[in-house]
Amino acid sequence: MVCLVFLASWGVMPAAHAYDNPDLLPDEPTSIIDLAKSLTEVQEGTLNDRLSQLEQETGWKLRVLTQYDRTPGRAVKDFWGLDDHSIMLVADPRGGNLLNFSVGDAVYDLLPRTFWIELQTRYGNQFFVRENGEDNSILEALGSIEQCLRQGGCQVVPGLPQEQWILTLITSVVGGVVCGFAAHPRKEGQAFAWQWALIFSPLWGILFIAFGIGPVVTRTHDLLPLIRNCAGFAIGLLVAYLTPTLNKSSTSET
């Protein structure tokens, strides 16, 4: 299922907000309009204070709208005074993905479009929402946005989910296997075929460095997943490098 992210400037709002219904807006100023009741009162109060503090400290305006069968539509733009320095998270469980985002133009200087796509697919997918709830999906996404705004921007979403790390580990091992087979001696007296390893370096380099190491170092400062991926590459290399030798030794003994 293809997930769509509403990356719209405030001049063009998503289709879901194509009309005004100001009657649904609260009477008092707030950073959160929880029409779908996705958050508890405690969560809403705590989050509202956090978002207000973020705006005071950084100037970035972060707002949350949850909806189901009712929406205030374009009326939220005037209610919140949304501008180029504003971000609105829209949580609507009726689609294939819970989370959508409307982003001011100035935000893209810090958080590119790929960031929002990754944020939506990580925290808004049906599996994450089913296991963690709508409230945690919203809170985790907001936490990532807040962290990135405070540190001056992000190219990728911070944090390394286990399933993503497993994928990087697999590509690291496969990269090691490719390198090991490429480096297997092809001449008598040769210990390591450096030439062939270099010839195949674009392949195992992409698997290990681009897909195995890159996603780890850009998302977390934890050294453990990096060490594990390097160990996976080394093990894959040794297994692939030694397998032909072991087979040859077994055949000669027979």
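**Cysteines, salt bridges and helices: a working chat**

Q: Is cysteine 148 buried or exposed?
A: Cysteine 148 counts as buried, with a relative accessibility of 0%. Please keep in mind throughout that this is a predicted model.

Q: And what does cysteine 148 form with cysteine 154?
A: The two form a disulfide, in which the sulfur atoms lie 2.2 Å apart. The link between cysteine 148 and cysteine 154 is left-handed, with -100° about the S-S bond. Cysteine 154 also counts as buried, at 7% relative accessibility.

Q: How many disulfides does a search of the whole structure find?
A: The search finds 1 disulfide.

Q: What about cysteine 179 and cysteine 230, buried or partly exposed?
A: Cysteine 179 counts as buried because its relative accessibility is 5%, and the limit for that class is under 20%. Cysteine 230, at 34% relative accessibility, counts as partly exposed.

Q: Which residues of H5 are buried, then?
A: Cysteine 179 is on that list, which also holds Trp165, Thr168, Thr171, Ser172, Gly175, Gly176, Val178, Gly180 and Ala182.

Q: How far does H5 reach from its first C-alpha to its last?
A: Helix H5 covers residues 162-182, which is 21 residues, and it reaches 30 Å from its first C-alpha to its last, close to the 30 Å expected at 1.5 Å a residue.

Q: Switching to charges: how many salt bridges are there in the whole structure?
A: A search of the whole structure finds 7 salt bridges. One of them joins arginine 50 to glutamate 146, with the closest N and O atoms 2.7 Å apart. Arginine 50 sits in helix H1 (residues 41-58) and glutamate 146 in helix H4 (residues 126-150), so this pair ties together parts that are 96 residues apart in sequence.

Q: How exposed are arginine 50 and glutamate 146?
A: Arginine 50 counts as partly exposed, at 29% relative accessibility, whereas glutamate 146 is buried, with a relative accessible area of 12%.

Q: Which residues are linked with Arg50 and Glu146 in a network of salt bridges?
A: Glu57 and Arg150 are linked with Arg50 and Glu146 in that network of salt bridges.

Q: OK, and what do arginine 94 and aspartate 92 do?
A: Their side chains meet in a salt bridge, at 2.6 Å from N to O. Arginine 94 is partly exposed, with a relative accessible area of 47%, while aspartate 92 counts as buried at 9% relative accessibility.

Q: Which residue does glutamate 118 form a salt bridge with?
A: Glutamate 118 forms a salt bridge with arginine 219, and the closest N and O atoms of the pair are 2.9 Å apart. The pair links distant parts of the chain, 101 residues apart: glutamate 118 is in helix H3 (residues 113-123), and arginine 219 is in the loop between helix H7 (201-217) and helix H8 (223-253).

Q: Why do glutamate 118 and arginine 219 count as buried?
A: Glutamate 118 counts as buried because its relative accessibility is 15%, and arginine 219 does because its value is 14%. The cut-off applied to both is under 20% relative accessible area.

Q: How far apart are glutamate 118 and valine 157?
A: Glutamate 118 and valine 157 are 39 residues apart in sequence and 6.7 Å apart in space, taken from C-alpha to C-alpha.

Q: On to the rings: how many aromatic pairs does the count come to?
A: The count comes to 9 aromatic pairs. Among them is the edge-to-face pair of phenylalanine 115 and tryptophan 116, with 5.2 Å from centre to centre and 85° between the planes.

Q: Why is that pair edge-to-face?
A: The angle of 85° between the ring planes is what decides the class, because planes over 60 degrees apart count as edge-to-face.

Q: And are phenylalanine 115 and tryptophan 116 buried or exposed?
A: Phenylalanine 115 is buried, with a relative accessible area of 0%, and tryptophan 116 counts as buried at 0% relative accessibility. Ring pairs also link these two with Phe101 into a cluster.

Q: Last topic, the surface: which residues form a nonpolar patch?
A: Trp196, Ile199, Phe200 and Leu203 form a nonpolar patch on the surface, and together they have about 380 Å² of accessible area.

Q: Where does isoleucine 199 lie, and how exposed is it?
A: Isoleucine 199 lies in helix H6 (residues 194-199). Isoleucine 199 is exposed, with a relative accessible area of 54%, and the threshold for that class is over 50%.

Methods: Residues are numbered from 1 along each chain as its sequence is written. This is a predicted model: local features need pLDDT of at least 70, side-chain atom pairs count only at pLDDT 80 or more; totals for chains, interfaces and linings use all residues. Side-chain values use heavy atoms; hydrogens and water are left out. Patches are made of residues with over 30% relative accessible area and no salt bridge: like charges are joined within 9 Å, nonpolar side chains (Val, Leu, Ile, Met, Phe, Trp, Tyr) within 5 Å. Accessible areas come from the Shrake-Rupley method with a 1.4 Å probe; for residues, only the protein chains shown count as cover. A salt bridge is a side-chain nitrogen of Lys or Arg within 4 Å of a carboxyl oxygen of Asp or Glu. Helices (H or I, at least four residues) and strands (E, at least two) are DSSP runs, numbered from the N terminus. Buried means under 20% relative accessible area, exposed over 50%, partly exposed in between (1.4 Å probe, protein chains only). The expected span of a helix is 1.5 Å times one less than its number of residues. A disulfide is a pair of cysteine sulfur atoms within 2.5 Å. Rings of Phe, Tyr and Trp (its six-membered ring) pair if their centres lie within 6.5 Å; planes under 30 degrees apart count as stacked, over 60 as edge-to-face and the rest as tilted.
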